[in-house]
Amino acid sequence: MKVQRLLILLLVCFHSFLYASESPRHSHKQIVKVVDDFMLAIKNKDEQSFTDLFYSNNVPWLGVNPEKRKGNLPSNDGIIYATHLGFIGWIASSEENIEEKYWDLTIKSDGEIASVYFKYSFHIGDYKMNWGNETWDLIKTIDGWKIVSVIYSATYNPNPRSDKN
């Protein structure tokens, strides 16, 4: 009887091990890959790879230019309304080298939903056009992690681009 109980216990443990949720470390790596793929799609002007990172074509994409906010309380001044489709369309149609760089990445996830926060800078050729902080919300789908919202702050370079760029 003891052997039978031990065998059942081992089978239950083995079954639980096989169907356990993925580790937070595994989710973390997958989410970092989404961020890296996002940056690579911009650099390569790859519209399909870029749009495949998003849950749908209706993902909120909002920016805030803090320099245009007025008064003691924030106003709607300085809010940038856009779409990821318009963003990558503009990049893909440009003949210039465009790149977004990121650092100080923080990821919070329970394996089903995630939030990423990072500092970024956006470059056209050698010109650093703007920089700030960016945050995304993601959801785990059958096709992997997908972006469901993008919010960023944008401080624009006060120095104009030179004609060489």
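Which residue in the turn of the β3 and β4 hairpin has a positive phi? Gly 111 does, with a phi of about 95°.

## Basis of the model

This is a predicted model, in which local features need pLDDT of at least 70, side-chain atom pairs count only at pLDDT 80 or more, and totals for chains, interfaces and linings use all residues. Residues are numbered from 1 along each chain as its sequence is written, and side-chain values use heavy atoms, with hydrogens and water left out.

## The chain as a whole

The protein chain holds four helices and seven strands. Both are DSSP runs numbered from the N terminus: helices are H or I with at least four residues, strands are E with at least two. Their order along the sequence is α-α-α-β-β-α-β-β-β-β-β.

The chain has 165 residues, of which 30% count as buried (under 20% relative accessible area; exposed is over 50% and partly exposed lies in between, with a 1.4 Å probe and protein chains only). It exposes about 11,000 Å², and carbon and sulfur atoms supply 56% of that area (Shrake-Rupley method, 1.4 Å probe). Among contacts (heavy atoms within 4.5 Å) between residues at least 6 apart in sequence, 54% join residues at least 24 apart.

## The β3–β4 hairpin

Strands β3 and β4 (residues 113-124) run antiparallel and are joined by ten bridges; strands pair if DSSP finds at least two bridges between them. Three residues separate the two strands of this hairpin. Within the pair, Trp 103 stands opposite Lys 119 in β4.

## Asn 97

Asn 97 sits in the loop between α4 (84-93) and β3 (98-109). It counts as exposed because its relative accessibility is 63%. Leaving out residues up to four places away in sequence, Asn 97 touches His 123, Ile 124 and Gly 125. Between Asn 97 and Ile 42 there are 9.4 Å from C-alpha to C-alpha, although they are 55 residues apart in sequence.

## The largest pocket

The largest pocket contains about 290 Å³ of space. Of its 17 lining residues, Trp 61, Phe 87, Phe 122, Asn 130 and Tyr 152 are the closest to its centre. A pocket is an open set of points on a 1 Å grid where a 1.4 Å probe fits, with protein on both sides within 12 Å along at least five of seven lines; lining residues have an atom within 4 Å of a point. The volume is the space filled by probe spheres set on the points.

At least two lining residues come from each of β2 (79-82), α4, β4, β5 (127-141) and β6 (144-153).
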